[in-house]
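Dear colleague,

Please read them with the structure open beside you.

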Number of protein chains: 4
Amino acid sequence: MSATAVDIQLIVFDVDGVLTDGRFAYGREGKQTKSFGPDDADALRLLTAVAPIAFVSADHRGFPISKRRIDGDMGHELTLVSSDRRLSWMAERGPLEHVAYMGDSFTDIPILRAVGIGITTADALPGVRDAATYVTQRRGGDRAVAEACFYLLVEQFGRTEWAGIV
Amino acid sequence: MSATAVDIQLIVFDVDGVLTDGRFAYGREGKQTKSFGPDDADALRLLTAVAPIAFVSADHRGFPISKRRIDGDMGHELTLVSSDRRLSWMAERGPLEHVAYMGDSFTDIPILRAVGIGITTADALPGVRDAATYVTQRRGGDRAVAEACFYLLVEQFGRTEWAGIV
Amino acid sequence: MSATAVDIQLIVFDVDGVLTDGRFAYGREGKQTKSFGPDDADALRLLTAVAPIAFVSADHRGFPISKRRIDGDMGHELTLVSSDRRLSWMAERGPLEHVAYMGDSFTDIPILRAVGIGITTADALPGVRDAATYVTQRRGGDRAVAEACFYLLVEQFGRTEWAGIV
Amino acid sequence: MSATAVDIQLIVFDVDGVLTDGRFAYGREGKQTKSFGPDDADALRLLTAVAPIAFVSADHRGFPISKRRIDGDMGHELTLVSSDRRLSWMAERGPLEHVAYMGDSFTDIPILRAVGIGITTADALPGVRDAATYVTQRRGGDRAVAEACFYLLVEQFGRTEWAGIV
């Protein structure tokens, strides 16, 4: 484990812009598809072995799409939690200093500052990146979650067998 | 407010290439989807508090798609206005020197030059970028509108609490 | 007109990878959508005023999609012409030294070399770019055709009012 | 042939992230489309003339989509082979030192190390790129397979007529 390791007991991931590239394909009937990327689901399987993982989304219109991917295909649980309720939602599940959170929006700034480990993506706005403990080199939907998983595995959970992969 | 602040009374956004990445997914039945990106809708909510916002589009075939996103999901009003009618459409709503306009096409060049604040995207053609007051570092559909909103909030409306976010 | 101007009497554009980003979205029923980008259709309207324009495609499975965009929406004519028949197809329409051709595939190399003006995209393979007279700074589907149109208008047809736009 | 040429008797390609950009478009009914790119199918036709080619995928939910593209449109054969069975699957078809394999995932690391020629994409994670014999300059779905084909044709099969194309 690195010198900056903290005791992480819960890892929470936002979905849009983190597991996806943040884009929504819109048709005449509204939101149709979101785009998920490579390596993330496989890396999350490794992370599941070391800590509880939860997914949150504030996108109510696209929720059935995200739910289908996160719960149906990946076997995790996704909960609809708006940005302004997110800190209290996490605080109910354990002390914030033991939470790692990954989000990409400017609405995530107070959350990234409050948790033990705040992670954001390369393509988040500069002010969001400034608020994070760790900024992935990858953009959302382009292996950013895989990179975050390996960062946590190596630097926070001491799984040095994955050192050098990101 | 910055030294270059002007009195902005109306903010007009083009849609395709600004709120979207400018791509159209075509199938056998024609235009099917457009791709909207992250952070833009949330940043527009902040901008709404300081000035009236309007959306215009010249894309009549894809208009139901844009309408669905802008009016149905985001709660703004989108009007079909061709490029050559756009300046007169805006002039009817107030003096052009008090209008901020964001567009990405080379057909927007005379508009960007005529308004008080002309904004374009990083991926607009060089001649379009030359005509703008402010060029976002972000591409259309990749948080360019969010960046423009924060630029206007901080530099034109003096909302310094958002300084440094873009 | 530039010192390298030739007498162009026909301008031929490939579609996939030139007007599109070259990607095909595949579903269970096969090819579903192609992605067309901004500025290209508007710039082609300007070019139409100075020379005849034709579109060719070798993609027979996706032909109805391309046909819908090129003929139905843009008002040009698209013809199905395989790579190996393309030079003879063009030669039937006029001397090759008076043809400008834009293509992005390595199968276009002999064509780019044979015509008066060969144009390719920034994202074509290096050997394709080596064979072209002009390589756009833009990738296919990201205003590469708009850039090619303005290059032709300014450098080949002396329309200096568009100088500096690309 | 280059000094590092080995006797390649079988060439195996992973699909997602190699022939595609690794993205999955998800709708309410799950995985809907994958995105295949330009030049790859044409370059694979050239490679077919010099060695047997096989395609493998671990994506069972998206398998009908990949099957449609690889078998239906491109005329190759795609087999569902999970990551952990891939080395034994290839070993049954010939000595691993005579196999060239292209994959982009971190689960491909042991495979890339075990085969005669391991190829990965520019956008694979750093640890994957470290495990490969050859890393394409192109990302998956952006002509990475075309580049790999020309690398193999020139450097492994001595087809110097294609030298300089990538």
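**Where chain D meets chain C**

C:Asp104 and D:Arg143 form a salt bridge, with their closest N and O atoms 2.5 Å apart; the term stands for a side-chain nitrogen of Lys or Arg within 4 Å of a carboxyl oxygen of Asp or Glu. Before going further, please note that this is a predicted model, in which local features need pLDDT of at least 70 and side-chain atom pairs count only at pLDDT 80 or more, while totals for chains, interfaces and linings use all residues. Residues are numbered from 1 along each chain as its sequence is written, chains are lettered from A and ligands numbered from 1 in the order in which they are written, and side-chain values use heavy atoms, with hydrogens and water left out.

Across the interface of chain D and chain C there are five salt bridges, and 16 residue pairs are in polar contact, both residues being at pLDDT 80 or more. A polar contact is a pair of N or O atoms within 3.5 Å, where within protein one must be able to donate a hydrogen and the other to accept it, and where residues adjacent in sequence count only if both atoms are side-chain atoms. On the side of chain D that touches chain C, the elements that give two or more residues are β3, α1 (40-48), α2 (63-73) and α6 (144-156) of chain D; helices (H or I, at least four residues) and strands (E, at least two) are DSSP runs, numbered from the N terminus. The largest share of this side, six residues, comes from α2(D). By class, the side divides into eleven nonpolar, seven polar and eleven charged residues, where Ala, Val, Leu, Ile, Met, Phe, Trp, Tyr, Cys and Pro count as nonpolar, Asp, Glu, Lys and Arg as charged, and the others, Gly among them, as polar.

In this interface 29 residues of chain D are in contact with 23 residues of chain C, contact meaning heavy atoms within 4.5 Å. The two chains bury about 2200 Å² between them, 49% of it on carbon and sulfur atoms; buried area is the accessible area (1.4 Å probe) that two parts lose on being put together, summed over both. Strands also pair across this interface, since two strands are said to pair if DSSP finds at least two bridges between them: β2 (residues 20-27) of chain C and β3(D) do so in the antiparallel sense over three bridges, with C:Tyr26 opposite D:Lys34.

**Where chain D meets chain A**

The contact between these chains takes 23 residues from chain D and 29 residues from chain A, and about 2200 Å² is buried between them, 49% of it on carbon and sulfur atoms. The count of salt bridges between chain D and chain A is five; one of the salt bridges joins the side chains of D:Arg61 and A:Asp73 (3.0 Å, N to O). There are also 16 residue pairs in polar contact across this interface, both residues at pLDDT 80 or more. The elements that give two or more residues to the side of chain D that touches chain A are β2 (20-27), β3 (30-36) and α5 (126-131) of chain D, and β2(D) gives the most, with six residues. That β2(D) strand pairs with β3 (residues 30-36) of chain A in the antiparallel sense over three bridges, and there A:Ser35 stands opposite D:Ala25.

Which chains do not touch? Chain A and chain C do not, their nearest C-alpha atoms being 12 Å apart, and neither do chain B and chain D, whose nearest C-alpha atoms are also 12 Å apart.

**The sheet of chain C**

Chain C has an open sheet of six strands with parallel pairing, in the order β5-β4-β1-β6-β7-β8. Its edge strands are β5 (78-80) and β8 (134-135), each of which pairs on one side only. Strand β1 (residues 10-14) pairs in the parallel sense over four bridges with β6(C), where C:Leu10 stands opposite C:Val99; β1(C) also pairs with β4 (residues 53-57) in the parallel sense over four bridges, and C:Val12 has C:Ala54 as its bridge partner. From strand β6 (residues 99-102) of chain C, C:Val99 and C:Tyr101 point one way and C:Ala100 and C:Met102 the other way, and all are buried, that is, under 20% relative accessible area, against over 50% for exposed and in between for partly exposed (1.4 Å probe, protein chains only).

With kind regards
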